[in-house]
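Dear colleague,

My notes come after it.

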Amino acid sequence: MSGQYVPEIQGELRRFRLNVPEPIYKASGIIVFGRRIKSVVFSTDVCIIRNTNADAVIAVYPFTPQPIITQAIMTAAETPVFVGVGGGLTQGQRVIDLGLHAEHQGALGVVVNAPTANETIRRLADTIDIPIIVSVVSDNCDIKERLDAGAQILNVSGGAKTVELVRKIRSEFPHVPILATGGPTDESIEATIEAGANAISWTPPTNGEIFKDIMQAYREGKGHPEF
């Protein structure tokens, strides 16, 4: 029913949190194992992850993936986690092993980087039963080969060309699930959704950025600010 009242429960202390930008709710979402996911927070900071209302977490970082990091993130998260398992610095059998371990830890899906070989994706798809998310960073990527190898979701991160890249992929593959970076503004998020993204990955402010406003308020003798 359109316009239906939605009750909201808040705690006095935990009401201070990071909320994803409202335009993300315009996305169709991607249903993974019965869960509709529209917003995905891009962070490995457990404090941020624990205090955001995003539907899921995408946990990728610029070091070789380590199961202990995955476990720490999933222990802290209240929502499903898509786990990075390499494909750049980390290649071959280690990607397969990390993917299987991530599934056993409880990950909702695994993310592989743009340089990942199709053969690695194919072997990973034969090994695990959770979605493989393949990062797409430019229009040089052969999307059909990725999908044929076993990719189930595309993670589009093309910088300033993300909207253009999403639109191109959507025109050629009308039904492929697309998770894409939304950019820094409401307008850029809306443009990404209109181009064909089903879900948006959102980069939250850092602890340092949040603390800057809080500490300034404290210096001025004010109370804890709303973010």
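This is a predicted model: local features need pLDDT of at least 70, side-chain atom pairs count only at pLDDT 80 or more; totals for chains, interfaces and linings use all residues.

Residues are numbered from 1 along each chain as its sequence is written, and side-chain values use heavy atoms, with hydrogens and water left out.

I begin with helix 3, residues 93-105, where helices (H or I, at least four residues) and strands (E, at least two) are DSSP runs numbered from the N terminus. Its 13 residues reach 18 Å from the first C-alpha to the last, close to the 18 Å expected at 1.5 Å a residue, the expected span being 1.5 Å times one less than the number of residues. Val95, Ile96, Leu98, Gly99, Ala102 and Gln105 of this helix are buried (buried is under 20% relative accessible area, exposed over 50%, partly exposed in between, with a 1.4 Å probe and protein chains only). These buried residues pack against helix 2 (67-76), strand 5 (81-84), strand 6 (109-112) and helix 4 (118-127). After helix 3 comes Gly106, with a positive phi near 115 degrees.

The largest nonpolar core has 50 residues, among which Val156 and Ile169 touch the most other members; such a core is a set of buried Ala, Val, Leu, Ile, Met, Phe, Trp, Tyr and Cys residues joined through side-chain atoms within 4.5 Å. Helix 3 provides the largest share of this core, four residues. A second, separate core of 13 residues includes Ile58, Phe82, Leu108 and Val111. Leaving aside neighbours within four places in sequence, Val156 is in contact (heavy atoms within 4.5 Å) with residues including Val136, Leu165, Ile169 and Ile178.

A pocket, on a 1 Å grid over the protein atoms alone, is an open set of points where a 1.4 Å probe fits, with protein on both sides within 12 Å along at least five of seven lines, and lining residues have an atom within 4 Å of a point; grid points are joined across faces, edges and corners, and a volume is the space filled by probe spheres set on the points. Of the 16 residues lining the largest pocket, Val60, Tyr61, Pro62, Phe63 and Asn113 lie nearest its centre.

About 180 Å³ of space lies in the second largest pocket, whose lining includes Phe16, Arg17, Cys47 and Phe211. Helix 1 (46-50) and helix 8 (207-219) each supply at least two residues of that lining, and helix 8 gives the most, with four. Cys47 lies in helix 1 and counts as partly exposed, because its relative accessibility is 46%.

Gly182 sits between strand 9 (178-181) and helix 7 (186-195), and counts as buried because its relative accessibility is 4%; beyond its neighbours within four places in sequence, Gly182 is in contact with Ser188, Ile189, Thr192, Ile200 and Ser201. Phe33, in the loop between strand 1 (30-32) and strand 2 (35-37), is exposed, with a relative accessible area of 55%, and has a positive phi of about 50 degrees although it is not a glycine.

With best wishes
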